[in-house]
2 protein chains.
Amino acid sequence: MIRIGTVGTNWITQQLVEAVALSKRYTLAGVYSRHQETADAFAQKNQAEKSYTDYETMLDQANLDVVYIASPNSLHFKQAMAAIDRDISIIVEKPAFSNRREMAAIMAELKQHPAVKYFEAARHVHTPNFKAISKALMALPTVQGAALTYMKYSSRYDKVLDGEQPNVFTKEFSGGALQDLGVYPIYLAIALFGQPENVAFFPTIIVTGADGKGLAMLRYGDFDVTVNFGKTSNSYALSEIYGLKETITIDSAGELTHVEERDASGQATDLSAAELANPMLPEAEDFARVLEAPDDKQNVADYQRWLQWSLTVNQVLFDLRVSANLKFPADQH
Amino acid sequence: MIRIGTVGTNWITQQLVEAVALSKRYTLAGVYSRHQETADAFAQKNQAEKSYTDYETMLDQANLDVVYIASPNSLHFKQAMAAIDRDISIIVEKPAFSNRREMAAIMAELKQHPAVKYFEAARHVHTPNFKAISKALMALPTVQGAALTYMKYSSRYDKVLDGEQPNVFTKEFSGGALQDLGVYPIYLAIALFGQPENVAFFPTIIVTGADGKGLAMLRYGDFDVTVNFGKTSNSYALSEIYGLKETITIDSAGELTHVEERDASGQATDLSAAELANPMLPEAEDFARVLEAPDDKQNVADYQRWLQWSLTVNQVLFDLRVSANLKFPADQH
């Protein structure tokens with residue numbers, strides 16, 4: 001069994017913990033939270049071996065194979081470095097790192113610790129529906145781009161309107177809509193189409209100074225991918241990939257729960273796989289597979305592909321912010 | 001009865017002729033086509049008084065109150081000037097004129113002929129569903145922008161792929177996706193939100209040198225309107241206007257046949273008016289109303305509003321082309 005530790009106790013960590021339990025390939029060896037009460041409650045709810053209020057103590061004492069990091073974005077880097085230093089593999093919630101400099105330092109550190117694996121927790125690109133989209137894309141006669149949308153009103157925007165500054169809406173925690181929701185459709189675009197030739201970003205800046213919504217253009221020379229995302233309003237629009245007369249439609253570029261292909265006449269064929277017991281189960285299983293058999297040829301190839309996606313997404317998110325002059329304090333360290 | 005003449009014999013002229021017949025306020029006094037056979041067939045089918053193969057002869061002899069111009073875009077200007085010179089009002093298919101210089105010349109000519117009315121045939125912004133959208137927009141607690149889509153595969157793109165150069169896909173005829181389909185969602189945006197502060201255009205240029213599809217950004221300071229359009233692929237995505245938690249959804253930013261409002265919980269309310277007998281009937285009736293009673297206070301106000309929309313659309317289409325360095329031969333005259 002893979003001994004996993006967790007950082008963070010919100011809904012996404014809860015979902016990951018349930019996914020690793022479903023996979024039956026991990027033991028929850030430790031959970032970390034700054035506050036004893038929160039750590040204990042989370043440990044008890046999920047039958048963890050032990051709870052910790054000091055992160056490095058957990059790394060030193062819990063005998064972990066891998067740590068899952070779902071803290072505010074700006075904290076990922078330091079927590080990831082501390083784990084790699086101790087030869088503990090890392091699963092980092094997307095976006096894993098705030099900028100290119102952080103990513104470069106992580107890659108250099110990984111070179112010093114060749115047994116350590118780094119995974120970015122981009123759950124949707126590990127799902128059967130992502131594979132269905134990839135397969136349908138390959139069968140298109142031509143690709144004329146895509147329009148991807150992921151836009152959900154965040155209850156924390158109510159707090160912003162009440163004058164508060166929740167972490168996910170601040171630059172101090174490397175937050176904003178691009179980092180929080182935009183990363184999903186951008187990950188999808190890069191996993192499907194690779195690295196864009198150039199990018200442009202049109203953010204809508206809210207009172208906290210972060211982007212509340214925005215449009216990102218990923219330009220591939222032959223075609224464009226337009227990415228529409230936001231946390232201050234709700235969208236019901238399909239995401240689409242354009243063939244010639246054929247169109248692949250996706251319910252949402254973040255959820256990927258429903259995928260169809262429309263033929264030239266508009267007739268729809270459902271390409272969706274069965275509903276998942278837990279949307280994070282496929283990534284939990286993919287990461288377990290690599291951790292259990294890191295030298296398996298397929299696992300080596302998959303790991304390298306995921307690493308490349310992560311590097312490209314990091315670069316694109318950074319380039320998008322540069323194009324809109326949107327800086328994080330984390331960029332100045 | 002308003003004596004109307006027509007220029008062009010394709011589907012859009014046929015639809016206009018049927019709309020004016022339904023309105024019972026026009027007489028089809030003349031139809032013009034370069035070819036005798038085409039002109040005769042169109043005249044006979046629609047019980048026109050007379051057919052013409054010379055445009056100026058029709059203007060001089062048919063005793064017209066108004067002429068409807070649906071020739072290739074690059075020909076509109078000269079045909080419109082010839083009509084205004086003879087104190088004949090004009091209904092010009094959108095986009096009416098290729099650039100700002102043409103529009104400025106038309107406006108100067110109209111000043112010399114104060115009895116002449118100029119209408120741009122933007123059918124969708126005259127419909128009850130447009131009014132339903134406007135009304136729902138006014139009731140939103142805030143406006144956080146819109147994403148408008150109009151994308152339909154054109155059978156004439158088959159011809160382009162076969163090596164031909166159909167007019168609508170050439171710069172020589174001031175064609176391309178922006179002029180042909182993009183003008184609909186851009187008209188909608190300008191009629192709803194007014195003149196944008198600045199614009200950007202990301203076209204996909206096809207083998208003819210014209211844009212086959214593209215994304216236009218209309219930036220309003222507080223919010224953005226993103227406009228996704230094309231003639232080389234098919235979209236099934238909703239167009240949307242974002243309130244706070246509320247969203248107005250539109251089946252297509254060109255057709256406006258189905259309009260809904262979703263509340264904070266996602267519950268939809270249908271705002272659509274009854275289906276139209278002919279999508280051009282509301283504009284035919286609106287224009288007849290102004291031609292019949294040009295001094296009526298409401299008519300004066302409506303006419304001025306439509307004129308302002310037309311001027312702004314002309315400017316925005318031109319600015320979009322400039323931003324993407326997409327020039328027409330008509331720009332150099």
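## Valine 290 of chain B

Leaving aside neighbours within four places in sequence, V290(B) is in contact with K117(B), F119(B), N299(B), Y303(B) and W306(B), where contact means heavy atoms within 4.5 Å. V290(B) belongs to helix 9 of chain B, residues 281-292. Helices (H or I, at least four residues) and strands (E, at least two) are DSSP runs, numbered from the N terminus.

V290(B) counts as buried because its relative accessibility is 1%. Buried means under 20% relative accessible area, exposed over 50%, and partly exposed in between (1.4 Å probe, protein chains only).

## Basis of the model

This is a predicted model, in which local features need pLDDT of at least 70 and side-chain atom pairs count only at pLDDT 80 or more, while totals for chains, interfaces and linings use all residues. Residues are numbered from 1 along each chain as its sequence is written, chains are lettered from A and ligands numbered from 1 in the order in which they are written, and side-chain values use heavy atoms, with hydrogens and water left out.

## Chain A as a whole

Chain A contains 10 helices and 14 strands. Its C-alpha trace spans about 60 × 50 × 35 Å along the principal axes. For 333 residues, a compact globule would have a radius of gyration near 20 Å, and the value for chain A is 20 Å, so the two agree. This radius is taken over C-alpha atoms, and the globule rule is 2.2 Å times the number of residues to the power 0.38.

Of the 333 residues of chain A, 61% count as buried. Among contacts between residues at least 6 apart in sequence, 67% join residues at least 24 apart. The accessible surface of chain A is about 13400 Å², and 49% of this area belongs to carbon and sulfur atoms; such areas come from the Shrake-Rupley method with a 1.4 Å probe, and for residues only the protein chains shown count as cover. Chain A has 30 positive and 41 negative charges, whose mean positions are 2 Å apart. In this count Lys and Arg are positive and Asp and Glu negative, whereas His and the chain ends are not counted; the place of a charge is NZ of Lys, CZ of Arg, CG of Asp or CD of Glu.

## Helix 6 of chain B

Helix 6 of chain B covers residues 128-139; at 1.5 Å a residue its 12 residues should span 16 Å, and its end C-alpha atoms are 17 Å apart, which agrees. The expected span is 1.5 Å times one less than the number of residues.

The buried residues of this helix are N129(B), F130(B), A132(B), I133(B), S134(B), A136(B) and L137(B). They pack against several elements of chain B, among them helix 8 (177-193), strand 11 (239-242) and helix 10 (297-323).

## Two loop residues of chain B

Q144(B) lies in the loop between helix 6 and strand 7 (146-151) of chain B. At 12% relative accessibility, Q144(B) counts as buried. Not counting residues up to four places away in sequence, Q144(B) touches Y157(A), K213(A), T232(A) and S233(A), and also F223(B), Y242(B), G243(B) and L244(B). Between Q144(B) and Q315(B), 171 residues apart in sequence, the C-alpha distance is 24 Å.

R25(B) is placed in the loop between helix 1 (11-23) and strand 2 (26-32) of chain B. With a relative accessible area of 24%, R25(B) is partly exposed. Beyond four places in sequence, the residues that R25(B) touches include E285(B), A288(B), R289(B) and E292(B). E285(B) is 260 residues from R25(B) along the chain, and their C-alpha atoms are separated by 7.8 Å.

A cis peptide bond joins K94(A) and P95(A), with omega about -10°. P95(A) is in the loop between strand 5 (89-93) and helix 5 (100-112) of chain A. In chain B, the peptide bond from K94(B) to P95(B) is cis, with omega near -10°.

N63(A) is not a glycine, but its phi is positive, at about 55°. N63(A) lies in the loop between helix 3 (55-61) and strand 4 (66-69) of chain A, and at 56% relative accessibility N63(A) counts as exposed. S174(A), a residue other than glycine, has a positive phi near 50°. S174(A) lies in the loop between helix 7 (155-161) and helix 8 (177-193) of chain A, and S174(A) is buried, with a relative accessible area of 1%.
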